Amino acid sequence: MSKVVAVTGNEAVANALRQVNPDVSSAYPITPATDIMQRFTSFVSNGQVKTEMILVESEHSAMSGCVGASAAGGRVMTATSSQGLALMWEELFIASGSRLPIVMALVNRALSAPLNIHGDHSDGMGARDCGWIQLWSENAQEAYDNTIQAFRIAEHMDIRLPVMVCLDGFIISHSIERIEYLEDEEVKNFVGEFQLLNPLLDIEHPVSYGPLILPDYYMEYRRAHAEVMSKVPNVVVDIAKDFEKISGRKYGLFETYRLDDAEIGVVILNSAAGTSKDVIDEFRDRGIKAGLLKPRVFRPFPYEEIGNSLKHLKAVCVLDRADAFGASYGPLFADIAASLYPYKEKPVLTNKIYGLGGRDYLPEHAELALNELVEIAKTGKVKTFREYIGVRE
Amino acid sequence: MATTPLTLKELSKKEVLLTSGHRMCSGCGAPIIVKLVLLASEYPIIAANATGCLEVSTCISDYTAWKIPWIHNAFENAAATISGVETMYRSLKKQGKIDKEIKFIAFGGDGGTYDIGFQSLSGAMERGHDMLYICYDNGAYMNTGIQRSSATPFGADTTTCPAGSVIPGKTQQRKNLTKIMAAHDIPYTAQAAPSHWADLVKKVKKAFQIEGPKFMNVLSPCNRGWRSRTDDAVMLSRLGVETCYWPLYEIENGVTKVTFKPKEKKPLVDFLKPQGRFKHLFAPENEWMLKKFQEMVDKEWESLLKSDAEGKASAG
């Protein structure tokens, strides 16, 4: 039984957290994620959850508190954004290296300087290689669904890694949408009881967390982490199947939209995918075989599956809502290119940087990319491999 | 709970929870402090440890010297980390999933406490976690190579404030962290030293009886950084106390009590002389520094005695 509501992305995530009912949360206010914790702490104050809050003095301490609480043995979550995530950076590696199943909502926004506060993917992309699993969400519904599934993924006994649930700052976090909530009981049963693994609070069996590991063994630990990452896709897919049973909503490693018979396509993350899908429909109406691929699990990146889904296209434009300064292309482009590298026959790739610091992504931007792809597919000639779009010249 | 009488004989019957075989330098003050702290507890303990000498030397995979649950997170966040552990404990206790009485300690060196970990410590104290933070203060970043910290004493020669021909070592006085922690209005703050083991153990025992955040600052001789003999740790700790460089006192609910008053207050130079880091202060041109340093020590001691007298008067 689901309930249809009109809520903001933040409200949806906060409600998912209420339904999951974690043991501890440690958090610090950083816009635009703050609203999640404001809503959540009202659940705490009104006795709707059993969660104990640690209202810390910095984002660094927020993640440090999560690390301590998670190692102690229990379900732990937090939420952050941009500068907060940047300050947490050291702790992100410690949480994942210590194999702690923490769940964090990341309301994506731009990094300073200049100070901006609006949505883009610079924060999440900066943290993409910190050993966390990253789930990206197009809208409030996906943010809600991903948050619930994130706990199952993080706490899976073959995985035990932290998970970041990414949603676009303001565009999703502060916009009201129609979404379907699951019943509290359904969520409770879906996430299940937290399973302990070497908890600090088991004083009969003392364990040491956070050892020094020198060149003799450090590399083996890193490889073990990499191997766990490789197990994540199957677990994500299995959990998505279970989730479909209670929600009727399908999830995979990524979403494809009208891609199977497509000749041209765009690859894009999060909220801008929605706008792009509308434009693709218009192109299809005109008889142009256009499609879209939207990654959901960005870390670990499903190279094989994504490469396989795109290899038959003639031309693909990867749209990045973050730049990688000094690199040739944006971060999403680099992974898409790598996923196609093994194939002899592959599409021509272009890269566009859009929507930084909350700049609107408009249908005309998708049209621009797709019209170029039509031309490339026809002539095989590329005018610009990489450019900023929607920017003053 | 039955308490162990405060005698060495009785304490020595208890299990040592930091095993030998750890890799701290010989003559280091820190493991003496840790052993005393752990012996003082009648409760099971979970400890967090800031990055530093104690941490890197006691848990090198796949070995650990800790017979208690122990967590090292990073340099600046032992207090935030133990906040997390203690909060999970409270959550699970409330839910009826755990019933044991457990005490929580964070250990940090002066760098991880006075400097980079100060914000995390201050935050944890304000939030009121039921925890004891113990700073083992050796007066510099000894683990990274004896660099200056805000706990480094006036005049000391370190690798980042070396005594040179123009600048004679550290020109600033130490941060008075014990007072700063007391200013958080937490229920218990104390200063202790390993030479006065009974005083230290008594303070730890008292801290465990008090609910809420507690802070103890413990002098920790370091022969590498102090450039002293390896077998002089306890003697230097004693001289630190007897010269009133490191006064032993406690502040309980705002009331200050000096817990050790030397019969005869020794001149500060007795503490400085055996340490290579102060050698340059004895050059004729730096005599003013010795004088100034003595004045700083006298001033703090007088102020403490005054607070101590006020505490006695208020107790009637």
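1. In this predicted model, about 3100 Å² of area is buried between chain B and chain A, and carbon and sulfur atoms give 61% of that area. The contact is made by 43 residues from chain B and 42 residues from chain A.

2. The polar side of this interface may be described next. Between chain B and chain A there are 19 residue pairs in polar contact, counting pairs in which both residues are at pLDDT 80 or more. The interface also holds 5 salt bridges. The side chains of Glu52(A) and Lys94(B) form a salt bridge, with a distance of 2.5 Å from N to O.

3. Which elements of chain B give two or more residues to the side that touches chain A? They are α3 (53–58), β2 (70–72), α4 (78–94) and α6 (118–127) of chain B. Helix α4(B) supplies the largest share of that side, namely 12 residues. Sorted by class, the side of chain B that touches chain A consists of 19 nonpolar, 15 polar and 9 charged residues.

4. Strand pairing also links the two chains. Strand β9 of chain A (residues 208–209) pairs with β2(B) in the parallel sense, over 2 bridges. Within this pairing, Tyr209(A) has Ile71(B) of β2(B) as its bridge partner. Strand β2(B) is also among the elements that give two or more residues to the side of chain B touching chain A. In general, the strands of a sheet pair through backbone hydrogen bonds, in either a parallel or an antiparallel manner.

5. Attention now turns to a sheet within chain A. This sheet is open and has 6 strands in the order β10-β12-β11-β14-β15-β16, with mixed pairing. Its edge strands are β10 (254–257) and β16 (386–388) of chain A, each of which pairs on one side only. From one strand to the next, the twist averages 20 degrees.

6. How many bridges join β15 and β16 of chain A? Strand β15 (residues 348–353) pairs with β16(A) over 3 bridges, in the parallel sense. Here Asn351(A) stands opposite Arg386(A), a residue of β16(A).

Conventions. Residues numbered from 1 in each chain as written. Chains lettered and ligands numbered in written order. Predicted model: local features only at pLDDT ≥ 70, side-chain atom pairs only at ≥ 80, totals over all residues. Heavy atoms only, no water. Pairing = 2+ DSSP bridges. Helix = DSSP H or I, 4+ residues; strand = E, 2+ residues; numbered from the N terminus. Axes fitted to C-alpha atoms, helices over the stretch in contact; angles between N-to-C directions. Contact = heavy atoms within 4.5 Å. Buried area = accessible area lost by both parts, 1.4 Å probe. Salt bridge = Lys/Arg side-chain N within 4 Å of Asp/Glu carboxyl O. Polar contact = N/O pair within 3.5 Å; in protein donor to acceptor, adjacent residues only side chain to side chain. Nonpolar A, V, L, I, M, F, W, Y, C, P; charged D, E, K, R; others polar.
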